[in-house]
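Reader: I have a chain on my screen and some questions about it. Can we go through them one at a time?

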Amino acid sequence: MKRWLFLAALALVAAGLWLALRPRHPLAPGRPLTLLLTCDVHGRLVPCGCFSGQLGGITRIATLFGPKADEQVRVDAGDAIAGSADYEQIQYSYIQRAFAKMGYDALNIGRREARLSATQLRALKAHSGVTMLSANLLDKTTRAPIFDGYKIIERAGWRVALVGVLDGRGLGENLGEGLAVEDMEVTLGRLLPQLKDRADCIALLAFADEDAIAGLARQFYELDVILGGNVSQPSQKLEKENRSLILATTNESRAIGVLQVVYRAAHLLGAIKGEVHLVSDQIPQDEDIAELANEYRKEVRSTKLAIDDPATLREDMVPGVQPRNTYAGTASCAQCHPTAYKTWAASGHARAFATLTALGADADPNCISCHTVGFGTASGYKREAGADSSLTNVGCESCHGPGGEHVKVHTLGGEVTTHFHPLGAGDCQKCHHGEFSRPFNYDEFWPNIVHGKEGAASGSGRTPSRGVTLVP
């Protein structure tokens, strides 16, 4: 009797091991799996708000995604952060919170995240409500991964392995302190054999360019899906390379990828749909995510940032040498350039700071650099000055450069030897680009602010010519 009990128990243990270790197949083979993809969010919690008709923003992506369905997997392939500045790291923590609210399953590390130090990345990982992945981003000293390399999740009977990698080629000195990047091929060659029998679908989140992604697909048959990445434009159509279905998106939160697959056989999926959707301005903004953006702006308003520190702003200056030129403010130009000043005062440039105030973004460094004069320089606009500063709005010196020396010499009656470089469309596009402007057309925009040299003693403006600068 004891022998039979022993054999029965042994059989149960063996059956349990077989169930745990066998190649897993979906419980409902005909039921599709949907993968929703973002990449290159670039810090866009909300669309900029300077103009109507702006695309993108996580607030709209949240509405577009809607409530999470049982068969969905939601991932970000990298570059969700805008940059490595302290305020951009604060903003990224709110982006992580937004992704958590939206039910994301994993966030891959992109090139911009990899510019942070190992210490900074570990802090972000510790407070992230979503698993952060990177199988080949390592601690430079210990060679241990900073993040999990993969994550296996259950979705509607599917077992999905999410793997994250970053192509480190070209990062060079931009790679964060204390970090190293192992070749993607080396990492995947070691990792994928461990996963191929543990999942019905292996989805690689690859922050890599089109050629590198295609190369990974050709080399590793285990990859069912590759979602990227560091690409020039969103996928125009679903690609297939070797056994891998490939879909990529980019464009600073203005596009998302949707891939729907069905199970056919081990590591052979059939595609029902693979496409990129535009995040248009007709999509309402999710109120919960919009509130996170408000919380970010409140926090950044009350936080002392590196860009507020005069010592930081003088780091690139020669010690002990004062700059010859400083910012003087738009009002200082009015006496000698009354016609140009009148044109400016009637333009949207003269009300640029009020636009930020209305949005509660007047202390957000992401915004005020294009709505003030000289922000981020030793003599330029300071956040602590607020709306009372003489350097608010898009002033003369926003385009023409600092005019302090020019004003000083002219006021003292000396010979004016400081002049300003001629301007063109490229100067405008420092701020008027992408989501920060309606589609920019210099020939269309210039007539709204056309100005040039003032007339002689009368002060009346002669017919200006495009691109002429404000010089007496």
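This is a predicted model: local features need pLDDT of at least 70, side-chain atom pairs count only at pLDDT 80 or more; totals for chains, interfaces and linings use all residues.

Reader: How many disulfides does the rule give?

Author: The count is 1 disulfide. Cys370 and Cys431 form it, with 2.2 Å from S to S. The pair links distant parts of the chain, 61 residues apart. Cys370 sits in the loop between helix 11 (365-368) and helix 12, and Cys431 in the loop between helix 14 (425-428) and helix 15 (442-445). Helices here are DSSP runs of H or I with at least four residues, strands are runs of E with at least two, and both are numbered from the N terminus.

Reader: What is the handedness of the link between Cys370 and Cys431?

Author: Left-handed, with -95 degrees about the S-S bond.

Reader: And how accessible are Cys370 and Cys431?

Author: Cys370 has 29% relative accessibility, so it counts as partly exposed. Cys431 is partly exposed too, at 27%.

Reader: What about Cys396?

Author: Cys396 is in no disulfide. Its nearest cysteine sulfur belongs to Cys333, 3.9 Å away. Cys396 counts as buried because its relative accessibility is 13%.

Reader: Which residues of helix 13 are buried?

Author: In helix 13 (residues 404-411), they are Gly404, Glu405, His406 and Val409. Helix 12 (396-400) is included in what covers them. Contact means heavy atoms within 4.5 Å. Just after helix 13, Gly413 has a positive phi of about 80 degrees.

Reader: Switching to helix packing. How do helix 3 and helix 7 cross?

Author: Helix 3 (residues 86-101) and helix 7 (residues 287-302) have axes that come within 10 Å and cross at roughly 160 degrees. Axes are lines fitted to C-alpha atoms, for helices over the stretch in contact, and angles run from 0 to 180 degrees between N-to-C directions. Helix 3 and helix 7 are therefore roughly antiparallel. The classes are roughly parallel under 35 degrees, roughly antiparallel over 145, roughly perpendicular from 65 to 115, and oblique for the rest.

Reader: Which residues make that contact?

Author: From helix 3, Tyr87, Ile90, Gln91, Tyr94, Arg97, Ala98 and Lys101. From helix 7, Ile289, Leu292, Glu295, Tyr296, Glu299 and Val300. The contact of helix 3 with helix 7 divides into 8 nonpolar, 1 polar and 4 charged residues. Nonpolar means Ala, Val, Leu, Ile, Met, Phe, Trp, Tyr, Cys and Pro; charged means Asp, Glu, Lys and Arg; the others, Gly among them, are polar.

Reader: How about helix 5 and helix 6?

Author: Helix 5 (residues 184-195) and helix 6 (residues 210-219) cross at roughly 30 degrees, their axes coming within 11 Å. That makes helix 5 and helix 6 roughly parallel. Met184, Glu185 and Leu188 of helix 5 meet Ala212, Leu216 and Gln219 of helix 6. Those contact residues are 4 nonpolar, 1 polar and 1 charged.

Reader: Now the backbone. Where is the cis peptide bond between Gly228 and Gly229?

Author: Gly229 lies in the loop between strand 10 (225-228) and strand 11 (239-241). Omega of the Gly228 to Gly229 bond is near -20 degrees.

Reader: What is phi for Ala156 and Glu252?

Author: Phi is positive at Ala156, near 50 degrees. Glu252 also has a positive phi, about 50 degrees, although it is not a glycine. Most residues other than glycine have a negative phi. Ala156 is in the loop between strand 6 (150-155) and strand 7 (158-166), and Glu252 is in the loop between strand 12 (244-248) and strand 13 (255-265).

Reader: Last one. How many helices and strands are there?

Author: The chain has 15 helices and 14 strands. Of its 472 residues, 48% count as buried.

Terms used
Residues are numbered from 1 along each chain as its sequence is written. Side-chain values use heavy atoms; hydrogens and water are left out. Buried means under 20% relative accessible area, exposed over 50%, partly exposed in between (1.4 Å probe, protein chains only). A disulfide is a pair of cysteine sulfur atoms within 2.5 Å.
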